Amino acid sequence: MPELPEVETVCQALRPVLEGQSFLSIQLNRSNLRYPFPSNLEKELASHPIISVRRRAKYLLIDFKNNLTLIWHLGMSGRVIIENVNALFLKPSPHDHVVFITSHHYKITYRDPRRFGFLLLSPTQELEDLRPFNTLGPEPLDNSKINASSFHNRIKSRSTSLKSTLLDQAVIAGIGNIYASEALWQAWLSPLRPANTLILNEAGILLREIQNVLNCAIAAGGSTLRDHFRPNGDRGYFQHQFKVYNQENKLCSHCNFFPILKLIQNGRSTYYCNHCQK
DNA sequence: AGATGAGCCTGAAGGC
DNA sequence: TGCCTTCAGGCTCATC
């Protein structure tokens, strides 16, 4: 499910709930998700104050005062639910794999039907040396980490398609299948075009449109196709603003003449307008 | 270097 | 209604 905007939405909801607090208990309802859960998770983290909740690419990072960081990836179908223990509103599910209870009586549930997500633990200082963090590209929304020129430099040696390039987390971090198609449409660039054919100006336009589409999606609480819900139970609503994703055969809303096409690149669906995107 | 396919899983949707 | 197939927001590994 979650690309950068959805993870950011979850991060922004968790931050005020968790920062300055601690976990009273961490209940694991199975032994693993994609990977086995860290051993002694509760022992390592319970009662230790949480310093910060942040996001890197599609990863949630929770830093504890004892110099450990909980790495939390939501996989394809992961969902975080925040409830006050005195006002529970969602029915429990067989896919509620982890339940955190905080020191001020909040219940944080991690629900993930497909179980592609995972929790890992790392010393905070060593995080940057750990895969995949040691190979991740820059954050697209951090202007101190990326600009038109540096983005152009990162893609100008790539002979593969623009769509594949945007999905490569080592080139730029956090973009997934939805927002790659949407950003390329907004920039009038074909997903099939080799990345190394972009001139500086075009790379700048693409970066600007990546930032626009991600910022709009964050403001809308992300996109809810089926699995993504905000931690308070609301849906995101950016899916109503999709210009190409899931819009196969509808008329392109720019030229209003040619239909949106769908093709498979690297095993993933790509949507685009063959007339407007060059 | 890049493309492709498989694998990790469940569940929704569509075809018959 | 029910069975079957296909597909889905991510990531990693093996192979060509």
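Author: Let us begin with Cys 276, which is buried, having a relative accessible area of 10%, where buried means under 20%, exposed over 50% and partly exposed in between (1.4 Å probe, protein chains only). This is a predicted model, in which local features need pLDDT of at least 70 and side-chain atom pairs count only at pLDDT 80 or more, while totals for chains, interfaces and linings use all residues. Residues are numbered from 1 along each chain as its sequence is written, and side-chain values use heavy atoms, with hydrogens and water left out.

Reader: How many disulfides does the structure hold?

Author: A disulfide is a covalent bond between the sulfur atoms of two cysteines. Here the count is zero, taking a disulfide as a pair of cysteine sulfur atoms within 2.5 Å. For Cys 276, the nearest cysteine sulfur belongs to Cys 273 and is 3.7 Å away. The closest cysteine sulfur to that of Cys 216 is in Cys 252, at 17 Å, which is too far for a bond, and Cys 216 is partly exposed at 39% relative accessibility.

Reader: In what order do the strands of the open sheet lie?

Author: Strands of a sheet pair through backbone hydrogen bonds, either parallel or antiparallel. In this open sheet, four strands follow the order S2-S3-S4-S8 with antiparallel pairing; strands are DSSP runs (E, at least two residues), numbered from the N terminus, and two of them pair if DSSP finds at least two bridges between them. Strands S2 (50–56) and S8 (118–123) are the edges, each pairing on one side only.

Reader: How many bridges join S3 to S4?

Author: Five bridges join these antiparallel strands, and Ile 62 stands opposite Leu 70 in S4.

Methods:
Chains lettered and ligands numbered in written order.
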